[in-house]
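Look at the structure shown here and follow its strands, its helices and its charged side chains in turn.

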Amino acid sequence: MKNLFSVQDKVIVITGAAGVLGTSMVHHFAEQGAKVVILDRNEEAGRRLEEEVKAEGGEVMSLYTDVLDKQVLEGNYTEIMARYGRIDVLINGAGGNMAGATIAPDKTIFDLDIEAVRKVVDLNLFGIILPTMTFTRAMIEQKQGSIINISSESAIRPLTRVAGYGVAKAAVTNFTKYMCGELATKYGDGLRVNAIAPGFFITEQNRTLLLNPDGSYTERSKTILAHTPYGRFGEPSELLGTLQWLASDASKFVSGTMTVIDGGFDAFSI
């Protein structure tokens, strides 16, 4: 009997692949028999990850990328197609935040650094739009492919402080829904676009916001966990089942959706 959830031999391209969450994705899909392409602007981290996966017997290649540079992305596309001849799944995992685009408790909206907000929106929104425009071409030729965007809890409900990031991720969710219709109506029902909205996971980018130097929780963390029914932060591995479903044929009739993975945070009130 066919395994609907199989990703065996699928070519899976992951941007931001050398980060905490991306690394977990790379290891997982390689273990599942996929051919994984690591795209990251941290070339050294990408190479290290590539060597780790190869040592485990996985099929992988690592390329430097800049998700905001169309020329670099085009070069990535050429190399991927030369090696594998197809792209089955694109996971748009690149993203992030910066201090100037946030509002500290003792600041107001008038203290926002607009240039920092622009950079955050560029990275999180255009850093999805440009790779999608580049790598979807292979899927259109194949008449089959799955795009998975990484949105955020902050796209669902505005969270305090992360003003620029929340705006950008809300746009990612809207773009996901738009692309669902754009691709399916013009290129067929083999093309799917979905998103996941992770809740709170400790990564290198938010570590100082969530953890004190001694490893204890900050007040921000305590507030988050008080509003999370599970009472803890997520583990990177807890994203993988949903990603596997969206990357595989098990979700063939699923498009334009956003799956929330947050330990109940969005569903909880008092």
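The model is predicted.

Begin with the sheet. Strands of a sheet pair through backbone hydrogen bonds, either parallel or antiparallel. Here seven strands form an open sheet with parallel pairing, in the order β3-β2-β1-β4-β5-β6-β7. The edge strands are β3 (59-64) and β7, each of which pairs on one side only. On average, neighbouring strands of this sheet are turned by 20° against each other, direction ignored.

Strand β5 (residues 145-150) and strand β6 (residues 191-198) are joined in the parallel sense over six bridges. Within this pairing, Ile147 stands opposite Val193 in β6.

Helices come next. Helix α5 (residues 163-187) packs on the sheet and touches β5, β6 and β7. The direction of α5 makes about 165° with that of β6. Helix α8 lies across β4 (89-92), β5, β6 and β7, and runs at about 170° to β6.

Now turn to the charged side chains. Side chains of opposite charge can pair when their charged atoms come close. In this model the count is 16 salt bridges.

Which residue forms a salt bridge with Lys10? The partner is Asp249, and the closest N and O atoms are 3.9 Å apart. This pair links distant parts of the chain, 239 residues apart: Lys10 is in the segment before β1 (11-15), while Asp249 is in the loop between α8 (240-247) and β7 (258-261). Lys10 counts as buried because its relative accessibility is 16%, under the 20% limit. Asp249, at 18% relative accessibility, counts as buried by that limit too.

Glu50 and Lys54 both lie in α2 (residues 43-55), four residues apart, which is about one turn of the helix. Their closest N and O atoms are 3.4 Å apart. Glu50 has 6% relative accessibility and so counts as buried, whereas Lys54 has 39% and so counts as partly exposed. These two residues are also part of a network of salt bridges that links Glu43, Arg47, Glu50 and Lys54.

Is Glu204 buried or exposed? At 56% relative accessibility, Glu204 counts as exposed, because the limit for this class is over 50%. Arg207 has 32% and therefore counts as partly exposed.

Methods: Residues numbered from 1 in each chain as written. Predicted model: local features only at pLDDT ≥ 70, side-chain atom pairs only at ≥ 80, totals over all residues. Heavy atoms only, no water. Salt bridge = Lys/Arg side-chain N within 4 Å of Asp/Glu carboxyl O. Helix = DSSP H or I, 4+ residues; strand = E, 2+ residues; numbered from the N terminus. Buried < 20%, exposed > 50% of the residue type's maximum accessible area, 1.4 Å probe, protein only. Pairing = 2+ DSSP bridges. Axes fitted to C-alpha atoms, helices over the stretch in contact; angles between N-to-C directions. Contact = heavy atoms within 4.5 Å.
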